[in-house]
Amino acid sequence: MSQSAGRTVVYAARRIHTMDPSRPQGTHVAVRDGRVLGVGTLETLRGWGDFEIDDRFAAKVLLPGFVEGHSHVGEGTYWRYVYCGYFDRTDPDGRVWPGARSIEAVVARLREAHETLVDPKAPLFGWGLDPLFFGARRMTRHDLDAVSPERPIGVLHASGHITNASTAALALAGYLRTDHDHPGIPLDDARLPMGELRGPEAMMPVLFRLGVDRAAMSGDEAGLRAFAKLAVRTGTTTATDLATPIPDDAIESLLRVTGEDGFPLRFVPAMHVRGHTPQGAVERALGLKARSTDRLRLGRIKAHADGSIQGFTARMRWPGYHNGAPQGLWYIEPETLRALFALGLEHGIQIHTHTNGDAAIDLAIESLETALRAHPSPDHRFVLQHCQLADSAQLRRMKALGLCANFFANHHFYWGDAHHDQTVGPDRAERMNPCRSAQDIGVPYTIHSDAPVTPLGPLHVAWCAVNRRTASGRLLGAHERIPVADALRAITLGAAWTLHLDGEIGSIECGKRADFAVLEDDPFEVAPEALKDVGVWGTVHGGRIFAAGAA
Ligand SMILES: [Zn+2]
């Protein structure tokens, strides 16, 4: 659906919210060559010469296309495996999968899939497991053995940081031994692995044996196309894949797929530092950056400082976890992070750092402070991803250092009750993902889904930041709520800023890309509690039109 060059189309809408403070609303937007020529009323656009009027959005509301600053292409690829999550979830084709609400339900769902497999030794893989909702009992290898003792079975947790494995899967990876001494491999009474593998180092060997090759997944065409369908369904026109190895053989396929005329997404992968030296990572990122196109933006790096709060692998300051769980894990050596930051600043490569616990946030802040002394660097826009437990003092230091925050607002809904009761306790749970404080202190911020950890859906993320309601309906952190207008800014211009793309996308203004979220209702008019329910018709991407139903 490309527009021919030089032709001008004026779209009429019920309302256009531009997110441009100097011209916040309009009823018509003129598009030429995939860009916004002008926005306002039909009268104000007439001076641009001949145009064609297009009324198909006359009853719709246009916003800038949503920008997801922290997602993963797994949101598209994981659907080929068995969905084992607690909440109902919509797949790329619009089918809703009911949540599996107990260990028994998870086992039953895996058994259904097991019964469809002909080869008794073929691996079986599930995703989305969320044992926090199952009380004190942890899933063990014996639970999965009940599906089938011969078949190697693994289930990735919703956090993405832990995998459960069956006895056959552990045996396949050579893990069925009594001599483990690794914090990521907890043991049972027989001194064998109990079946939970925590952190990438412990779980990757099993994932590979189960055929879940993350390197292949990052360049997987079918997964990328499924991801793009979900993007259209949610009004998303730019999305990150924020931790991919981007193997060399994936680059050509990424360039080809994103370059197709019918591809509806600007894709922004960040290369994972894992497997590289800091020097090697920055050199490779520089090489990749040079190959960027409009719809494939390469040359960013992702690092992980720690794990997840709900998996108790986030690195915490005193007094640690509320329920007494042991300290979490470091995912990177402090010296490695410092070296990476210094090289990133020196060469203009942006580093996104996963930090969940407050000790991990401290490490990132201190590392950047040291690196900035060696390489003063205005406007580096390094981002602390998740940054969930930042306190005000940390936000003030972040402001001083030019660090951005990308908060995981969906946590309030999905794990807010668990954070209140189990992981961090009431006061830190009320502070988590402090959008209001960040705004008041002046830290540039956005909010995200971390899909597939939670479903892709910027309006849901915005709803979480505005309402801070947990799954049980509890209001968690009233003082950190933000108004609808600020949440919508966070999922458009706010996210664009954290990707250095705010000059091109994030608002509907003359000269910017014609990327729109096409909505059935006006998110500024509906009740704030209904923000997540605003219907998405589809998107316009670079002037090309994509209906969600047809995607
Ligand atoms: Zn992530």
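The donor residues of the zinc ion follow the sequence spacing H-x1-H-x377-D. In this predicted model, the zinc ion is coordinated at 2.1 Å by His70 through NE2, His72 through NE2 and Asp450 through OD.

**Zinc site**
- His70 has a relative accessibility of 1% and therefore counts as buried.
- His72, at 16% relative accessibility, also counts as buried, because the cut-off for that class is under 20%.

**Gln394 and its surroundings**
- Gln394 lies in helix H13, which covers residues 392-401.
- With a relative accessible area of 2%, Gln394 is buried.
- The side chain of Gln394 forms a polar contact of 2.9 Å with the side chain of Asp362.
- Leaving aside residues up to four places away in sequence, Gln394 touches Arg317, Asp358, Ile361, Asp362, Ile365 and Leu389.

**Helix H8**
- Helix H8 comprises 13 residues, 221-233. From first to last C-alpha, H8 reaches 19 Å, close to the 18 Å expected at 1.5 Å a residue.
- At the start of H8, a side-chain oxygen of Asp220 comes to within 3.0 Å of the backbone nitrogen of Ala222.
- The buried residues of H8 are Gly223, Leu224, Ala226, Phe227, Ala228, Leu230, Ala231 and Val232.
- An α-helix has 3.6 residues a turn, so residues three or four places apart point the same way.
- Just after H8, Gly235 adopts a positive phi of about 80°.

Notes: Residues numbered from 1 in each chain as written. Predicted model: local features only at pLDDT ≥ 70, side-chain atom pairs only at ≥ 80, totals over all residues. Heavy atoms only, no water. Helix = DSSP H or I, 4+ residues; strand = E, 2+ residues; numbered from the N terminus. Expected span 1.5 Å × (residues − 1). Buried < 20%, exposed > 50% of the residue type's maximum accessible area, 1.4 Å probe, protein only. Polar contact = N/O pair within 3.5 Å; in protein donor to acceptor, adjacent residues only side chain to side chain. Donors = N, O, S within 2.8 Å, 3.2 Å for Na, K, Ca; no water. Contact = heavy atoms within 4.5 Å.
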